Amino acid sequence: MGMNRRDFLKVSAAGSGGLLLSLNLAGCSGINKGYQEASVSWRPDAWLEITLEGEIFFTLARVEMGQGTYTGLTTLIAEELEVEPAAIQPRFAPVANEYRNPLFKLQLTGGSTSLATSWRPLRVAGASAKALLVKAAARVWQVPAEGCRVQEGRVLHPNGRDSLAYGQLVELAAAESLADEPALKSPDQWRYIGKGRGRLDTRAKVTGAAEYGIDVELPDMVYSVVTRPPRYGATVADFDAGEALAMSGVIDVFAIERGVAVVADKYWRARKALEKVTVQWDNAEALAVSSDSVMDFYRHAAEEDEGAKERDDGDISQALAAADQVIEASYEQPYLAHATLEPMNATAVYRDGRMEVWAPTQAPDLGRIAAARVTDLSPDEVTVHTTFLGGGFGRRLTQDFIEEAAAVAYRVRKPVKLIWSREDDTRHDLYRPAMLHRLKASVSGGQLTGWHHQIVGPQIMDWYVRNAAPAQYPWAPKALYGTLARVGVAAEGVLTPKDVSAIEGAVDYPYQVDSVEVRHTHADPGVPVTWWRSVGHSHNGFAVETFMDELAHQLGKDPYQFRRELLQHEPRHLAVLERAAQLGNWFEPLAEGRGRGIALHRSFGTYVAQVVEASIEAGEIRVHRVACAVDCGQVVNPDIVRDQVESGVIFGITAALYGKITFEDGAVQESNFHDYPLLRAHQRPEVVVDIVESAAAPTGIGEPGVPPVIPALGNALFALTGERQRHLPLAARSA
Amino acid sequence: MAVTLTINGQRHSVDVEDDTPLLWVIRDEVGLKGTKFGCGRALCGACTVYLDGSPIRSCSTPVSVAAGQSVTTIEGLSAGDTLHKLQQAWIEHGVPQCGYCQSGQLMTAAHLLSYNPTPSDADIDAAMSGNLCRCGTYSNLVAAIKSVAGKAEEA
């Protein structure tokens, strides 16, 4: 990377006498982010601290929401530092520039980027600490550093007898320096990377000791619940809190930006008092759409505007004009909620001119902006502490729960825990957008010659930028927040990465076809939307891989062979496709009453192919087996990779079978797990995962399991029933 | 009003309304945070505790129902530092991902084994079908249960 020490590493003595290593992750990322990182001044936040007692603390800048960063990133440090991963104690990072995700220029965890962006820098941090400790030991012993070895937290003397523990060396190591970035271990020297080991947070999570946001407890804490308008965008016209205020334990009832908040000494008292609050909503600006009208709006938009050209290979018009046959299909996909099992919540306290917030958030720096926006505080006056997250899936990238807790705490001047009900969580989510896809293919001489894909729907950055843009420029005065948000949208691709949320997984159509055109018709019906596990891939994967299946059948080809023939130029796609077919018994006869479907999708740099076996039993779709082949580059923890792929499969099947948020006159109709169900234990398929061995740089794993399973299941149902379903969720219709 | 109940062997007297769900008494009055709030309507199982040895959904059980009775939470599943064999199996099988539902999963699984030490696959499915996991850890947790039940894993 050609960096000198000043650029990548700062060594200092800890206040307690230990060794502190700070690291410039942002500058060290090997990933081209499309803009220049401004130079940042060093802050005393350490990535790695080794104390005199030999304790090792690692600041975890990517939150743990089940995807395994707590273990995976710690393993990278442990490998180079030559200690057991369990010997390192991860700490959740505070908000600081050093902890930003270099891809987004924000301190957020998302996009399946944690391991890819940390892969090199964290190993460098571990190796640097080790090199400093070895230099210190060599100086003590007056021997060449090259002769010293390191083992389980000790530096060994070349004589093979003497050794010094890291804790004994830290004070001296803090005074040492490194001329160059130290060499990293070669793969054949790895002891932890690539080996299946348990997770570091498991014991805390099986004893009930792990602290999630909802578990935060402060002295003299009070509780708040909020009623929000049924129709998105409505505001409080008036409210009557007379009865509520007379109830036992109720402290205050007042309007905040998003509704009416009740504060009481106990959660249940607040919840009951809220039922007695009557609110008149001003619906002048409220959403009025219904799910059916959204699809009508999309169809109309698709006819009016062919959309921005996002990919243009060959000549699609010519291909369509010269075709023997043109095949067309449209696919409709609904709004989806995140349904994290821990409902949205945050705890905040305002005292002495400062606010402290504790929250299960995927983006603590945006949380700081959110708190500042609804108070008179500047972001610098807000501290955000991150806890374990009871699921994220993109929901906790938006900070509305912090916004509400901050507004309430600022008014009541007491520590406040604000908790959403499950109904609040389902009805006031920001959703995976409903999308319309129109596909057209040209066939000549039995060959696919052209592919035309029109995607119709909103872009997520339009919704996200309100807090994201100010978070990128935290020194900007608050009066500029609105401007920054508008500039953020306008300068997309220049100041911020291009918003690919609608087109990802479509523009990178991998099959070898002479003419490929992909267009996006930007149509936003005003329903709040955000990132949802695998984002655009979740709907593009379904459209692309279902249409591929339709084409195979129209051309009289085997769906696996059809894909295979068109992937001869894409070895990594081809490898996972072939392995999934093998693992999924593609060539074996199938039991009576079952159908088999295949799909392939690359997302977040990771290649996943899946073969699904399904049936319809007693009027319900039953998924029996999902065979997955995955190539995510170098694997750090194979157990976590398998678990994440399986987790994505369950998440995708849940969406395919049940996922549907319905709007009627601007209001969400679903409310809890009875009408927004999740797959249950007895409905789980057998999931088998084959991991391709690879020395390529690691890519994402939290999301890539989701996109292929939805079309693979739909394709299996087609094989079973002969009926093609082009709308999600899938219906249990027998042949 | 004051309600007296025993939680994990300790007597507690709490001053709350009768209709307060047991969940909030356990979490906020007694301070045991391992039992989780997920849905508030007995649909997800994250709040599962035992009332006199039988699993209940504490989010939908008024504290008055538990008055004078004995409640066991995830904190009471292990004996001091010695983990319940299922907790140990959960660790060995790396079950938890986000982990939020796992207290409820463990309470349900431990109850199953308490009356049916060698459950069939169908028994396990039936017992665990009431506990939702958004991370999809089902196959790992079923494998963990089987390992404790001393039953060979079936393909």
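**Chat about a predicted two-chain model**

Biologist: Hi! In the hairpin of β24(A) and β25(A), which residue takes a positive phi?
Modeller: That's A618(A), with a phi near 50°, and the hairpin has 2 residues between its strands. Bear in mind that this is a predicted model.

Biologist: Noted. How many bridges do β24(A) and β25(A) pair over?
Modeller: They pair over 11 bridges, in the antiparallel sense. One place to look is Q610(A), which stands opposite C628(A) in β25(A).

Biologist: And what about β23(A), how many bridges join it to β24(A)?
Modeller: There are 9, and β23(A) and β24(A) run antiparallel. I598(A) has V611(A) in β24(A) as its bridge partner. These two strands also form a hairpin with 2 residues between them, where F604(A) in the turn has a positive phi of about 55°.

Biologist: Is β24(A) mostly covered or mostly open?
Modeller: Mostly covered, as 10 of its 12 residues are buried.

Biologist: Let's move to α18(A). Which of its residues are buried?
Modeller: H573(A), V576(A), L577(A), R579(A), A580(A) and A581(A). What covers them includes α17, β23, β24, β25 and β28 of chain A.

Biologist: How far apart are the end C-alpha atoms of α18(A)?
Modeller: They are 18 Å apart, and that agrees with the 18 Å that its 13 residues should span at 1.5 Å a residue. After the helix comes N585(A), whose phi is positive, near 55°.

Biologist: Okay, domains. How is chain A divided?
Modeller: Domain 1 is 5–199, domain 2 is 213–284 + 344–419, and domain 3 is 293–334 + 433–460 + 499–721. The C-alpha centres of domains 1 and 2 of chain A lie 37 Å apart. Their contact takes 12 residues from domain 1 and 16 residues from domain 2. On the domain 1 side, the residues divide into 7 nonpolar, 4 polar and 1 charged.

Biologist: Last one: how many residues does the contact take from chain B and from chain A?
Modeller: It takes 45 from chain B and 47 from chain A. On the chain B side, α1, α3, α4, α5 and α6 of chain B each supply at least two residues. The largest share, 4 residues, comes from α6(B). That side of chain B divides into 22 nonpolar, 17 polar and 6 charged residues.

Methods
Residues numbered from 1 in each chain as written. Chains lettered and ligands numbered in written order. Predicted model: local features only at pLDDT ≥ 70, side-chain atom pairs only at ≥ 80, totals over all residues. Expected span 1.5 Å × (residues − 1). Buried ≥ 20, exposed ≤ 12 C-beta atoms within 10 Å, placed from the backbone. Contact = placed C-beta atoms within 7 Å. Domains from an automatic or database assignment. Nonpolar A, V, L, I, M, F, W, Y, C, P; charged D, E, K, R; others polar. Pairing = 2+ DSSP bridges.
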